[in-house]
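User: Could you walk me through this protein in plain words?

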Amino acid sequence: TRRAVLAGSGALAIGGGLAAVLGAGGRTPVGASTTAGRRVLKTGTTSAPLVGEASQIPVWGYNGSVPGPALRLGQGEAFEVLLENALEEKTTIHWHGVRVPNAMDGVPHLTQPPVEPGERFRYAFTPEDAGTFWYHPHQRSFEQVGRGLYGPLIIEEADPPQVDRDLVWMLDDWRLNDQGQISGGFGSRHDAMMAGRIGNTITINGKPAAPLIARPNERIRLRLVNAANARIFGLDFGELDPMVVALDGQPVEPHRLSAPLLLGPAMRADLIVDFDYPAGTRHSLRDVFYDGLEYELTTFECQGKEVRERRLSDPAPLPPNPLAEPELATAERHRIIFGGGMMGMMGRTASGSDARNEQRTGSGMMMGRMGGSGMMSGGMMGWTVNGVSASGHVHDPIISAVRGTTLLLDMTNETAWWHPIHLHGHSFRVLSRNGQPTRYQEWQDTVLMAPEERVEIAFVADNPGDWMFHCHILEHQAAGMMATIRVN
Ligand code: C2O
Ligand code: CU
C-alpha cells in the first residue's frame, strides 16, 4: 500500500515471509541474506550536515541518516521492522508512545536481551493509536540518542484531516566542540546532576533550520518531535497562531496557544498551521524557554500564488484513539515523589531559584559558587523516585496493578529542576497541576513537570507487563530517575 513505505528513503514494503524466517523477537546474525521489500533499520556510524550542507559531521544514525527514516503506516496495520546492529555496542529500539506488547517495548534486560553488535532483532506489532510517535534506542540512550539514533514513526488516521502538506520536524540540539565535532563526555556527572546535556547547536531534521515557505492559504500539518536529550523548547509562534490538534500523538480538543508551546524531551505536538497571509509575509518562530537565551528558531514565509481563495475553516477534532477511560471514582491512588539532583542535596527551598536559573541558562554559575567539580564528585547522589535511585533497567516495581485497574498517580517534583516524566505502554490523562484541573485533560505519554510542581495523572493499567516510568532527560534517567510499574 501507499503507506507501507519508508517515506523519504526510497525503501521498502514489508516482506511477507519475514515472520516465518525469524519468529517474533528472534535474532539472527547480520550478514544473512535479506529479501527485497523488508523494512530494515540498521544502526551505524554515518555523517550529517548538522551546521550546513558543506559540513559532514560524524554521527550515529539509522540507515545512514539523522533522523532515521520516517516510518509511516496506517492505524491498525501490522508493522514489522528488522533491527540490524552495526554499532560497536549493544542497542535496542523503543517505540516511544506506542502501546505495544511488552516484549516489543525495547527495554534492555527488562523486555528483551540487548541486541549485540552484528546481531538482529525483529520487532512486530499492530499499532492501535493513530498519531505522531518516534523511535530511539533504550540502551545507553544518553549517548546513542545523543549521537543521532532516532526517527519519526507516523501512524495515520484512516481518514486524515485535509491538509496540503504533512511535515515532521524532529528538533534536536548537539554539543559541538571547537573543532565542530560532537564533544565527548556523554553522561557526565555534571550534566546528570543538573540540566542534562544541553547542546549548543540546534537542528531540525538533522540540519540547521531553514525557513518554512508556504503559499497563501496553504494548510500544513506540522508534527513536532523533541528528540533532544535534555533541551526543553518553549515555542512562540507569534501571530501565526496555529491550532493544536494532538499532544504526544493523542488527539486533543483543537485549540490555539495562549502561551509558548512547552515541549520537553520526547514530547510531541501536532499543529494545523494556516498561512492566511498575503505573499511576502514573514513570521518568526522563537524559542523562549531559557531566560536570556531566546532566539529565532526559524521563520515561516508566505510566497507565490494562493492555494485557494480563502483559508479553510478551523480543523475538526481528530478521531479519538481507542484508549480506555480512567474510572476516577474507583481509582487506586499512589503518591510519587521525584527527588535528588544538585540542589536537592542542599535543601531545595533556599537555593531553588539558583538551580532554575542554572537549568535555564546552563551557565555554570552554580558550579562556580559551589567550588567546582570536587563538590560534585564528593557529595553527589543520584535522582530518586520514591526515595530510590535506580540503576540498570530491572527493578522491583513501585506499583503492581491488577490489569484493568485505574491508577491515579499523584506526583510531586521535589527537586529544583524540570523533568519530563514518561510512562511506557500506556497513555495517561493529565488531570491537574498544583491542584487545578487542566483545561483539556490531555492524553500524554510524557508530562513535563516544573520545579516543585505537583501533577496528577490517571490511566487504565490495561497493558500487561513491566513498564518503565522515567524522566526523559536522558542523563537524569541514567542517574537513577526511573522506576518500573507492573501490570499483572
Ligand atoms: Cu522515549 Cu523510556 O523512552
Ligand atoms: Cu529529569
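Predicted model: local features only at pLDDT ≥ 70, side-chain atom pairs only at ≥ 80, totals over all residues.

User: Got it. How many helices and strands does the protein have?

Analyst: There are 7 helices and 32 strands. Helices (H or I, at least four residues) and strands (E, at least two) are DSSP runs, numbered from the N terminus.

User: And what percentage of the residues count as buried?

Analyst: Of 488 residues, 47% are buried. Buried means 20 or more other C-beta atoms within 10 Å of the residue's own, exposed means 12 or fewer, and partly exposed is in between, with C-beta atoms placed from the backbone.

User: What about contacts between residues at least 6 apart in sequence?

Analyst: Of those contacts, 77% join residues at least 24 apart. A contact here is two C-beta atoms, placed from the backbone, within 7 Å.

User: How is the protein divided into domains, then?

Analyst: Domain 1 is 6–160, domain 2 is 166–302, and domain 3 is 328–341 + 381–487. Those bounds come from an automatic or database domain assignment.

User: How many residues of domain 2 are in contact with domain 3?

Analyst: 21 residues of domain 2 are in contact with 20 residues of domain 3. On the domain 2 side, α3 (189–193) and β16 (250–256) each supply at least two residues. The largest share, 4 residues, comes from β16. By type, that side has 11 nonpolar, 6 polar and 4 charged residues. Nonpolar covers Ala, Val, Leu, Ile, Met, Phe, Trp, Tyr, Cys and Pro; charged covers Asp, Glu, Lys and Arg; the others, Gly among them, are polar. The C-alpha centres of these two domains lie 25 Å apart.

User: OK, sheets. What's the strand order in the open sheet of 4 strands?

Analyst: The order is β3-β2-β5-β7, with mixed pairing. Two strands count as paired if DSSP finds at least two bridges between them.

User: Which strands stand at the edges?

Analyst: β3 (57–62) and β7 (120–125) do; each has a single partner strand, so one side of each is left without a neighbour in the sheet. Strand β2 (residues 40–48) runs antiparallel to β3, joined by 6 bridges, and Gly-44 has Gly-61 of β3 as its bridge partner.

User: What does β9 pair with?

Analyst: Strand β4 (residues 70–74) pairs with β9 in the parallel sense over 4 bridges, and Arg-72 is bridged to Ile-154 of β9. Strand β8 (residues 131–136) pairs with β9 in the antiparallel sense over 5 bridges, where Tyr-135 has Gly-151 as its partner. Strand β9 (residues 151–156) is mostly covered, with 5 of its 6 residues buried.

User: Leu-73: buried or exposed?

Analyst: Leu-73, found in strand β4, is buried because 21 other C-beta atoms lie within 10 Å.

User: Which residues other than glycine have a positive phi?

Analyst: Among them are Asp-248, with phi of about 50°, and Asn-434, with phi near 50°. Asp-248 is in the loop between β15 (243–247) and β16, and counts as buried because it has 26 C-beta neighbours inside 10 Å. Asn-434 is in the loop between β26 (428–433) and β27 (436–437), and its 11 C-beta neighbours inside 10 Å make it exposed.

Notes:
Residues numbered from 1 in each chain as written. Chains lettered and ligands numbered in written order.
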